Amino acid sequence: SSCAIINHINIKIGLLTTKKFLHVKIPCPTFIQRPTEIKCSRALTTGQHNEQYCIDIVRKRDYEGFLCSLLFPEAVRRSALALRAFNVELAQIKDSVSQKTIGLMRLQFWKSAVEDIYRADHPAQPVSAELWRAVRKHTLTRRWMLRIISEREKDMEDKAYRNLQELEAYGENTQSSLLYLLLETLGVKNVHADHAASHIGKAQGILTCLRATPYNSSRRKVYLPMDICILRGASQEDFIRGSRDQNARDVIYDIASQAHVHLQHARSFSENVPHAAMPAFLQTVVLEDYLRRVRKVDFDVFHPSLQKRNPMLPLQLYLRSWKKIY
């Protein structure tokens, strides 16, 4: 067509013009950059690096949390990613160290880092620097960050939960604390939102334990609540060898049912939760998805389909965000 010919000619002209000017020496003007300008440009580059570091670590280690963070309002998205990056840094310590002492030292580093964030200048570590920015922008509560660290310290004991209540406490102190911080970035101060966050965090803690069972079992570790295993007649060895017997499925059913109860409790507050809080609760889509899939395979926690990502999850998250419901 004539348009295609014209475009082709324009491209040719552009290439020829470029070649022509490549041989022309153009004097380069000299600009003297002031020290303050140099400092500002470096600071901007460092800030961009820190932000990208948080994005990369969350996308790699907490993909579902990354998707949820993308649906936060633009004004708070960077802070949400900083908080999730902080959570990822803490969560991966246990599996990345060979000795408990080293893990506790790393957690002590983060405890000191959080204390410094609230009283010192801009820190150098990328996640700490982004947290420093988020704390000053949203006046985040230090107690929630320290509570996550304290619970991770207890988790370094590397023992199975004695009962379901211990697992719920773990979810409350880690996942719910993160949700409280995310609500603060959204400017939400509402008792009903806090109650919902508490139940969602407990549900997430429970299901995180379930989802990690195949991985932990491959390392000969089982963290499922002992009281339920005893009640259903399932031993730790059953899970280590990947048992799909009915007693193992019954254990998973009981634990998953408790997570479902917490989600139902969280939804009971929905009419009184402000719409501004909804981005923080998008994780319920992820939890629902896992509950649906584990139910579909009759609570066989080792089924291969549970280890695959749901390709429709981004769309499901977007629709839930658009409807402003959780």
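Glu 151 is buried, with a relative accessible area of 9%, where buried means under 20% relative accessible area, exposed means over 50%, and partly exposed lies in between (1.4 Å probe, protein chains only). Its salt-bridge partner Lys 154 is exposed, with a relative accessible area of 55%, and the side chains of Lys 154 and Glu 151 meet at 4.0 Å, N to O; a salt bridge here is a side-chain nitrogen of Lys or Arg within 4 Å of a carboxyl oxygen of Asp or Glu. Both residues lie in helix α8, three residues apart, about one turn of the helix, with helices (H or I, at least four residues) and strands (E, at least two) taken as DSSP runs numbered from the N terminus.

This is a predicted model, in which local features need pLDDT of at least 70 and side-chain atom pairs count only at pLDDT 80 or more, whereas totals for chains, interfaces and linings use all residues. Residues are numbered from 1 along each chain as its sequence is written, and side-chain values use heavy atoms, with hydrogens and water left out.

**Salt bridges**

Side chains of opposite charge can pair when their charged atoms come close.

| Salt bridge | N to O distance |
|---|---|
| Arg 211 and Glu 64 | 2.8 Å |
| Lys 154 and Glu 151 | 4.0 Å |
| Asp 158 and Lys 221 | 2.8 Å |

The side chains of Asp 158 and Lys 221 meet in a salt bridge, and this pair links distant parts of the chain, since Asp 158 lies in the loop between α8 and α9 and Lys 221 in the loop between α11 (213-218) and α12 (226-232), 63 residues apart. Asp 158 is partly exposed at 32% relative accessible area, and Lys 221 is partly exposed at 25%. Through shared partners, salt bridges join Lys 94, Asp 155, Asp 158 and Lys 221 into one network.

The side chains of Arg 211 and Glu 64 also meet in a salt bridge, a pair that links helix α10, which holds Arg 211, with helix α3 (residues 63-70), which holds Glu 64, across 147 residues. Arg 211 is partly exposed, with a relative accessible area of 29%, while Glu 64 is buried at 18%.

**Pockets**

A pocket is an open set of points on a 1 Å grid over the protein atoms alone, where a 1.4 Å probe fits, with protein on both sides within 12 Å along at least five of seven lines, and lining residues have an atom within 4 Å of a point. About 1500 Å³ of space lies in the largest pocket. Of its 47 lining residues, the closest to the pocket centre are Arg 61, Ala 91, Thr 208, Arg 211 and Ala 212. Helix α10 (residues 191-211) gives the most to this lining, with seven residues, and by class the lining has 23 nonpolar, 10 polar and 14 charged residues.

The second largest pocket has a volume of about 250 Å³, and its lining includes Glu 151, Lys 154, Asp 155 and Asp 158. Helices α8 (142-155) and α9 (164-185) each supply at least two lining residues. By class, this lining has four nonpolar, no polar and eight charged residues.

**Nonpolar core**

The largest nonpolar core has 91 residues, and those with the most contacts inside it are Phe 86, Met 145, Leu 224, Phe 239, Ile 255 and Phe 281; such a core is a set of buried Ala, Val, Leu, Ile, Met, Phe, Trp, Tyr and Cys residues joined through side-chain atoms within 4.5 Å. Leu 224 touches residues including Ala 160, Tyr 161, Phe 239 and Ile 255, not counting residues up to four places away in sequence, with contact meaning heavy atoms within 4.5 Å.

Notes. Grid points are joined across faces, edges and corners, and a volume is the space filled by probe spheres set on the points. Ala, Val, Leu, Ile, Met, Phe, Trp, Tyr, Cys and Pro count as nonpolar, Asp, Glu, Lys and Arg as charged, and the others, Gly among them, as polar.
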